[in-house]
Structures are given as C-alpha cells and as structure tokens.
Amino acid sequence: KNRKIYVLNACIADEKPKVAKFRMFSVLSGIEKEMSKGHKDRMDRESLQGNTKVNTIYIPCFSINTILKALNVSKVDYFSLDVEGGEYN
C-alpha cells in the first residue's frame, strides 16, 4: 500500500512557533500553563510524598500548517493527536 507515516514529538501551537513547559507526572502530565492550580498542587504534593517525581521538559510547538508544509503534505488521510488536557483550546 506504500504508506508513509510521520511522527513528531512536538505540540501544536495556535499560530506562531513557541516552546511549552510540560510537566510529566504519571497520568497527570500536561502543559503547565494549561493546568489548574489545584492540579499542579496535587502533583507537587504527591511528588513530595515520594510517590512519583515531577519532571519538567520543554516541548517545541508549531502550527499544524507549518508542520504539513515542512513535510510537503497536502492531503491527510488519518490524523491522531493526544491533547494532554488542552481539549478546550
């Protein structure tokens, strides 16, 4: 079937490229600025109890148009996106 697949370890930005601060903590991970204060407090509290360590990484973010243009893709048959709590945006 001559399939092609692209995997990008980045996030989708609204328009301009940027870098997002991503807090990794078990299943509670997500973009820090999108998290509620209660969610961040819970992560910090559980981390202090020694359950799991909170790790912070920085993720590059690009618009979907920028990504598709860089790949020279004009037609998408299947697209899967894990939004990690950013559903509303």
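How do the residues of the lining of the largest pocket divide into nonpolar, polar and charged? They divide into 25 nonpolar, five polar and eleven charged, where Ala, Val, Leu, Ile, Met, Phe, Trp, Tyr, Cys and Pro count as nonpolar, Asp, Glu, Lys and Arg as charged, and the others, Gly among them, as polar. The model is predicted, with local features needing pLDDT of at least 70 and side-chain atom pairs counting only at pLDDT 80 or more, whereas totals for chains, interfaces and linings use all residues. Residues are numbered from 1 along each chain as its sequence is written, and side-chain values use heavy atoms, with hydrogens and water left out.

Strands (E, at least two residues) and helices (H or I, at least four) are DSSP runs numbered from the N terminus, and two strands pair if DSSP finds at least two bridges between them. Strands of a sheet pair through backbone hydrogen bonds, either parallel or antiparallel.

Strand 1 and strand 4 (residues 55–62) run parallel and are joined by two bridges, and C11 has C61 as its bridge partner in strand 4. Strand 4 also pairs with strand 2, here in the antiparallel sense and over seven bridges; M24 stands opposite N55 of strand 4, while R23 has T56 as its bridge partner.

Within strand 2 (residues 18–24) lies R23, which counts as buried because its relative accessibility is 7%, buried meaning under 20% relative accessible area, exposed over 50% and partly exposed in between, with a 1.4 Å probe and protein chains only. The side chains of R23 and D44 are joined by a polar contact of 2.4 Å; such a contact is a pair of N or O atoms within 3.5 Å, of which, within protein, one must be able to donate a hydrogen and the other to accept it, and residues adjacent in sequence count only if both atoms are side-chain atoms.

The loop between strand 4 and helix 2 holds S63, a residue that counts as buried because its relative accessibility is 8%. Its side chain makes a polar contact of 2.8 Å with the side chain of T66, and, leaving aside neighbours within four places in sequence, S63 is in contact with A13, D14 and E15, contact meaning heavy atoms within 4.5 Å.

The largest pocket holds about 1,500 Å³ of space. Of the 41 residues that line the largest pocket, I12, I64, F79, S80 and L81 are the closest to its centre. Strand 1, strand 2, strand 4 and helix 2 (64–71) each supply at least two residues of its lining, and strand 2 gives the most, with five residues. A pocket is found on a 1 Å grid over the protein atoms alone, as an open set of points where a 1.4 Å probe fits, with protein on both sides within 12 Å along at least five of seven lines, and lining residues have an atom within 4 Å of a point.

Definitions and conventions. Grid points are joined across faces, edges and corners, and a volume is the space filled by probe spheres set on the points.
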